[in-house]
Amino acid sequence: LQNNQVLGIGSGSTIVHAVHRLAERVKQENLTIVCIPTSFQDFHAKFLLFPQLDVAIDGADEVDSDLNLIKGGGGCLTQEKIVAGYAKCFIVIADYRKKSKSLGEQWKKGIPIEVIPMAYVPVTRALTKNFGGAVELRMAVSKAGPVVTDNGNFILDWKFDKVHEWSEVNTAIKMIPGVVETGLFINMAEVVYFGMEDGSVSVREKQP
């Protein structure tokens, strides 16, 4: 963290701890920084003014040994990927339960895929036909009907049944008409910090 930087701040639950520490450093070191969160209102207003970010910090639902991520369990995958994608450096903070060798070891809820509402049925069929597994339309808890994202779309959770070549699968899914974005973050994270059960920190860095 340096003075006069623009930071992207994700919406994962782990990020609360990073924000508290960030606030401490700003106060102690008298830093001037701009934070762009992935929440709907602030995201649009600030991203217009600061389209290039120095650093983005976010959590993850799962991280494999190659630093491929599954994100979007909270439903904000598209904004989170935009913020991470336009940052010079993307840093992930997660607890030890998110650390895996392969995707699917720890996270059992599938890969979130944001879709245009009218396309969720054909997209569901295309996913199961092309990649196997099972697909579920994510349903809301506190209201009737499906979850609706900040962008007005639905979320499909694809529960894959085998390990894939994730870069190829991610590209192929995004080519399906009606798909807005996937919760696969491939070759984006530079470093991941895992908070371990004993209070220590385990670091997994991107390999050259």
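**Close-up views of a predicted model**

Phe90 and Phe185 are both buried. These residues belong to a predicted model, and the legends below treat selected parts of it.

**View 1. The aromatic pair of Phe90 and Phe185.** The ring centres of Phe90 and Phe185 lie 6.3 Å apart with the planes at 40 degrees, so the pair is classed as tilted; planes count as edge-to-face only over 60 degrees and as stacked under 30 degrees. In total, six aromatic pairs are found in the structure.

**View 2. Lysine charges over the ring of Phe185.** The ring of Phe185 also has charged groups over it. The charged end of Lys81 sits over this ring at 5.0 Å from its centre. The charged end of Lys71 likewise sits over the ring of Phe185, at 5.5 Å from the centre.

**View 3. The aromatic pair of Tyr120 and Phe154.** The centres of the Tyr120 and Phe154 rings are 5.8 Å apart and their planes stand at 65 degrees, so this pair is edge-to-face. Because Tyr120 lies in helix H4 (residues 120-131) and Phe154 in strand E9, the pair ties together parts that are 34 residues apart in sequence. Phe154 has 14% relative accessibility and therefore counts as buried, whereas Tyr120, at 29%, counts as partly exposed.

**View 4. Strand E7 and its neighbours.** Strand E7 (residues 111-115) is largely enclosed by the rest of the structure, because five of its five residues are buried. Both faces are covered: Ile111, Ile113 and Val115 are buried on one side, as are Pro112 and Glu114 on the other. Strand E7 is joined to strand E9 (residues 154-159) by five bridges, and the two strands run antiparallel. Within E9, Phe154 is the bridge partner of Val115. Strand E10 (residues 179-182) also runs antiparallel to E7, to which three bridges join it. In that pairing, Thr182 of E10 stands opposite Ile113.

**View 5. A cluster of aromatic rings.** Phe131, Trp158, Phe160 and Trp166 are linked into a cluster by ring pairs.

Note on methods
Residues are numbered from 1 along each chain as its sequence is written. This is a predicted model: local features need pLDDT of at least 70, side-chain atom pairs count only at pLDDT 80 or more; totals for chains, interfaces and linings use all residues. Side-chain values use heavy atoms; hydrogens and water are left out. Buried means under 20% relative accessible area, exposed over 50%, partly exposed in between (1.4 Å probe, protein chains only). Helices (H or I, at least four residues) and strands (E, at least two) are DSSP runs, numbered from the N terminus. Two strands pair if DSSP finds at least two bridges between them. Rings of Phe, Tyr and Trp (its six-membered ring) pair if their centres lie within 6.5 Å; planes under 30 degrees apart count as stacked, over 60 as edge-to-face and the rest as tilted. A charge sits over a ring if NZ of Lys or CZ of Arg is within 6 Å of the ring centre and within 35 degrees of the ring normal.
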